[in-house]
Amino acid sequence: MKTSNKQQRNRKETAPRTASLPVPSFPRCYKESSKPHKFCPGCGHPITLHEIGMVVDELGIQNKTAFLIDIGCSLLAWDFFDIDTTQTHHGRTVPTAVGFKRAMPDATVIAYLGDGGGYAIGTQHLVHATLRNDPITVIIINNLTYAMTGGQMAPTTIEKQPPTTTAPFDRTPDVFGTNLKGPELVLHLAMPGAFVARTAVDNPLHVRMTIKEALLHQQKNKAFSFVEVLSFCPTNWKTNAQETFAWMGAFKETYPLFKTITGTNS
Amino acid sequence: MPRAKRRETKEFMQGNAVIAHAARAAGATSFYGYPITPSTEVFETWVQLCGNPHKPALSPVTKERLSYLQCEDEMASGFALIGACLAGKKAFTATAGPGNILMQDAFSAAEALRIPTVAVIMQRGGLSTSTVIYSQEEVTLTCFGGNGEGFRVVYSPSSLQDLYTYTLKSFNTAWKYRYPTFLLGDGYLGKMSGEVTRYPMLKREYVTPEPILLGPARQKSLSTNLRNCYDQEEEINSIIEQYRSDYARDSKAIAESESYRTRDAHTILIAHGIVASAAKVAVDMLRSTSARVGLWRPITLRPLDVPSLVSAVGNARRIIYIESALGQMSRLINDALIAYSETGKSFDLPAVRSLYAPALGITPTEIVEQVLKKS
């Protein structure tokens with residue numbers, strides 16, 4: 001309710017200037033009945049999902065996309081779109097996508113998961129899908145914490161970030177070891193011709209362009225494509241908007257944005 | 001069934017190989033697995049049937065390419081299998097023991113999402129890694145593994161010929177009723193060789209699979225959003241109740257059993273799988289001495305054929321449970337009999353005895369001795 005009022009207000013305010021332009025709208029492949037969505041205010045998931053929706057619209061693949069979802073906050077996307085979806089178990093979205101793609105090679109298959117699913121409980125699946133160059137698109141949301149369970153340490157948690165409940169005195173490497181960098185791991189393992197990128201939700205257009213390239217890569221080059229989306233979680237970081245963006249800027253030092261096709265410039 | 005019409009071939013084969021050949025005859029097109037003794041030859045035989053991956057053989061049923069994937073572990077195997085089923089392909093896996101434990105991750109998802117996975121379980125010794133040889137100690141795990149209620153179909157074949165018959169049947173049952181379906185064999189059955197009659201599936205018996213995602217609904221622009229995570233207790237409760245009533249309805253068509261010389265029997269032996277084959281021989285040995293002994297054998301452990309069970313044991317003076325485990329099968333039977341008595345129908349439970357030999361084979365002679373032993 002709040003959202004739609006706000007939208008109306010925004011539209012009224014901008015109406016004179018955009019009267020001749022199409023009104024910016026949600027992606028056509030959104031499922032209206034599931035809105036407003038269930039993600040927390042300020043979450044990076046709906047930003048990413050919005051951009052995925054825009055790409056699905058643009059490429060006209062609503063009827064041939066299978067969107068497979070992991071456990072954790074990502075599971076809230078189970079009915080986000082009017083496209084075919086299934087939830088799986090924690091970490092098992094990548095092998096489900098692999099089996100689906102092999103059985104239906106013409107489908108566009110997206111595995112959508114968090115850093116826990118991708119880099120902890122399902123790391124082996126990511127590693128082997130990379131090694132096999134499976135022609136699927138894996139999108140991993142990296143918000144440096146386990147968000148659904150309330151802000152525990154993730155494989156991506158770093159020293160000097162808002163505290164997690166299972167490393168409340170900071171993730172010091174002497175006690176907890178170091179953090180995992182997913183795209184860099186994939187780069188080291190991938191066969192030539194895989195698409196690997198990191199983008200960030202503070203630039204939605206960058207997220208959109210990166211995901212579009214990944215999906216086109218899956219369709220045209222029939223090779224593995226991997227996108228990590230650096231995201232924010234103000235609920236568990238316990239940050240206001242300004243702090244959230246400030247942390248996000250700082251995290252890009254550890255998790256720099258890049259984009260490459262393996263075997264070409266690496 | 002007019003078997004004469006089928007093109008039958010007799011061959012000397014290993015049990016695990018029989019399963020792979022039967023899967024091909026059933027219209028299966030892909031296998032996802034991780035090798036583990038004593039199931040490995042199911043995978044290896046399937047690989048041979050697929051031929052060169054650059055020029056793969058075609059399914060005799062669907063004319064699609066046969067394929068396989070050796071996965072990184074059993075969780076990946078189980079979920080890749082789910083992925084293939086979601087895309088509308090008859091696919092299967094094979095595992096055993098510790099692999100069965102890991103694969104329950106996927107099977108519990110398949111149970112929740114009603115995915116028609118087919119899995120061959122060749123039981124090895126129980127208690128952790130144990131032996132790679134034989135037991136009947138994966139009954140509970142296969143029937144009820146996972147945090148669910150056991151909405152699954154579990155066939156327990158007794159012979160090499162059964163391996164063929166029930167592998168063929170598993171795929172049709174899975175896709176017709178949409179339950180994860182298991183062929184629960186054991187290391188002895190999988191590793192033994194003998195004569196098996198192979199035959200193609202008749203067209204009228206074949207259940208055509210269709211994609212669950214990107215399938216017929218999608219063509220009408222309706223989205224399918226499958227879900228195994230719910231917000232409220234009441235939501236999941238209503239799903240479970242729905243599954244319970246589906247399962248009760250479908251059980252009547254799915255449940256199978258064999259009653260052997262039970263009609264006038266005072267003593268009913270109850271055994272499943274390869275042990276039931278030994279028990280059958282024991283029944284014949286005892287009958288030749290005029291002992292009134294019969295065998296009731298559950299062919300499906302889930303769901304149980306309760307009407308047949310009740311009619312077999314209803315007039316008996318005693319039943320003897322025989323299994324290579326400490327009562328994993330007998331618990332299923334006891335539960336079914338108690339549930340039956342709760343329906344208010346008059347029924348006297350006969351005296352019960354057991355011959356439990358966990359992880360050991362059981363011979364007909366041992367069974368005869370048990371029957372003749374004064375208690």
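## Chain B against chain A: close-up views

**View 1. Salt bridge between Asp105(B) and Arg92(A) in the predicted model.** The side chains of Asp105(B) and Arg92(A) form a salt bridge, 2.7 Å from N to O. The term requires a side-chain nitrogen of Lys or Arg within 4 Å of a carboxyl oxygen of Asp or Glu. Between chain B and chain A the count is five salt bridges.

**View 2. Contact and buried area between chain B and chain A.** On chain B, 34 residues contact 34 residues of chain A (heavy atoms within 4.5 Å). About 2,900 Å² is buried between the chains, 54% of it from carbon and sulfur atoms. Buried area is the accessible area (1.4 Å probe) lost when two parts are put together, summed over both. Glu72(B), Leu214(B) and Asn225(B) supply 23% of what chain B buries against chain A, more than any other three residues.

**View 3. Strand β2 of chain A beside β9(B).** Two bridges join β2 (residues 84–87) of chain A to β9(B), and the strands run parallel. Pairing takes at least two DSSP bridges. Strands are DSSP runs of E, at least two residues, numbered from the N terminus. Thr85(A) stands opposite Asn225(B) in β9(B).

**Notes.** This is a predicted model: local features need pLDDT of at least 70, side-chain atom pairs count only at pLDDT 80 or more, and totals for chains, interfaces and linings use all residues. Side-chain values use heavy atoms, without hydrogens and water; residues are numbered from 1 along each chain as its sequence is written, with chains lettered from A and ligands numbered from 1 in the order in which they are written.

Methods. Helix = DSSP H or I, 4+ residues; strand = E, 2+ residues; numbered from the N terminus.
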